[in-house]
Amino acid sequence: MEDVLACIAAGLVGLWGVSHAVPTRSVVAGFGEISTDNRRVLVQEWLAEAVTMWSFAVLIIVVTAVGGGTATVDWVYRVVAGALLVLAVLTALTGARTGVIWFKICPVLLGSSAALLLAAGLL
């Protein structure tokens with residue numbers, strides 16, 4: 001059961017990474033006329049979160065596949081869950097305070113994924 005919960009969490013996080021990468025161009029365009037340097041930083045940060053999500057998803061899948069049920073796997077789940085919760089709080093305090101619905105969904109999705117990982121580590 002813990003493998004299923006972990007894989008669901010990995011899938012949610014991985015897909016959320018895709019949802020960051022796909023609209024990058026339109027997100028940057030939404031800022032209007034900004035300097036080239038600001039545009040580059042915005043693209044970097046937007047894609048960095050996507051890469052982070054993909055990395056978490058791959059890490060969860062790999063440790064589940066090679067070491068499911070071990071204490072090391074449980075600690076990986078806890079650490080990734082902690083990082084997801086930090087990102088959820090950061091988003092709740094920043095982007096989710098805007099009118100953009102996706103930013104409002106983000107803390108819920110990341111928090112839910114963290115809860116799944118914590119549950120997987122307890123089973």
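Predicted model: local features only at pLDDT ≥ 70, side-chain atom pairs only at ≥ 80, totals over all residues.

What follows is a run of questions about the labels, each with its answer.

Q: What makes up the pattern along the chain?
A: Reading along the sequence gives α-α-α-α-α. That is 5 helices and 0 strands, where helices are DSSP runs of H or I with at least four residues, strands are E runs of at least two, and numbering starts from the N terminus.

Q: What about Trp102, buried or exposed?
A: Trp102 comes in at 56% relative accessibility, so the label is exposed.

Q: How many aromatic pairs does a search of the whole structure find?
A: The search finds 2. Rings of Phe, Tyr and Trp (its six-membered ring) pair if their centres lie within 6.5 Å; planes under 30 degrees apart are stacked, over 60 edge-to-face, and the rest tilted.

Q: Why is the pair of Trp16 and Trp102 called tilted?
A: The ring centres of Trp16 and Trp102 are 6.5 Å apart and the planes sit at 55 degrees, so the pair lands in the tilted class. Trp16 lies in helix α1 (residues 2-21) and Trp102 in helix α5 (residues 101-122), so this pair ties together parts 86 residues apart in sequence.

Q: What makes the pair of Trp46 and Phe103 edge-to-face?
A: For Trp46 and Phe103, the centre-to-centre distance is 5.8 Å and the planes are 85 degrees apart, so the angle is over the 60 set for edge-to-face. Trp46 belongs to helix α3 (residues 36-67) and Phe103 to helix α5, so the pair links parts that are 57 residues apart in sequence.

Q: How do Trp46 and Phe103 score on accessibility?
A: Trp46 is buried at 17%, whereas Phe103, at 23%, is partly exposed.

Q: Where does the charged end of Arg78 sit?
A: The charged end of Arg78 is over the ring of Trp75, 4.5 Å from its centre. The rule asks for NZ of Lys or CZ of Arg within 6 Å of the ring centre and within 35 degrees of the ring normal.

Q: How many disulfides are there?
A: The count is 0, with a disulfide being a pair of cysteine sulfur atoms within 2.5 Å. As for accessibility, Cys7 is partly exposed at 39%, and Cys106 is buried at 3%.

Q: Which residues touch the most other members of the largest nonpolar core?
A: They are Ile60, Tyr77, Val80, Leu84, Leu110 and Leu117, out of 25 residues in that core. Helix α4 gives the most to this core, with 8 residues. A nonpolar core is a set of buried Ala, Val, Leu, Ile, Met, Phe, Trp, Tyr and Cys residues joined through side-chain atoms within 4.5 Å.

Q: Why is Gly82 called partly exposed?
A: Gly82 has a relative accessible area of 30%, so partly exposed is the label. Gly82 is placed in helix α4 (residues 71-93).

Methods: Residues numbered from 1 in each chain as written. Heavy atoms only, no water. Buried < 20%, exposed > 50% of the residue type's maximum accessible area, 1.4 Å probe, protein only.
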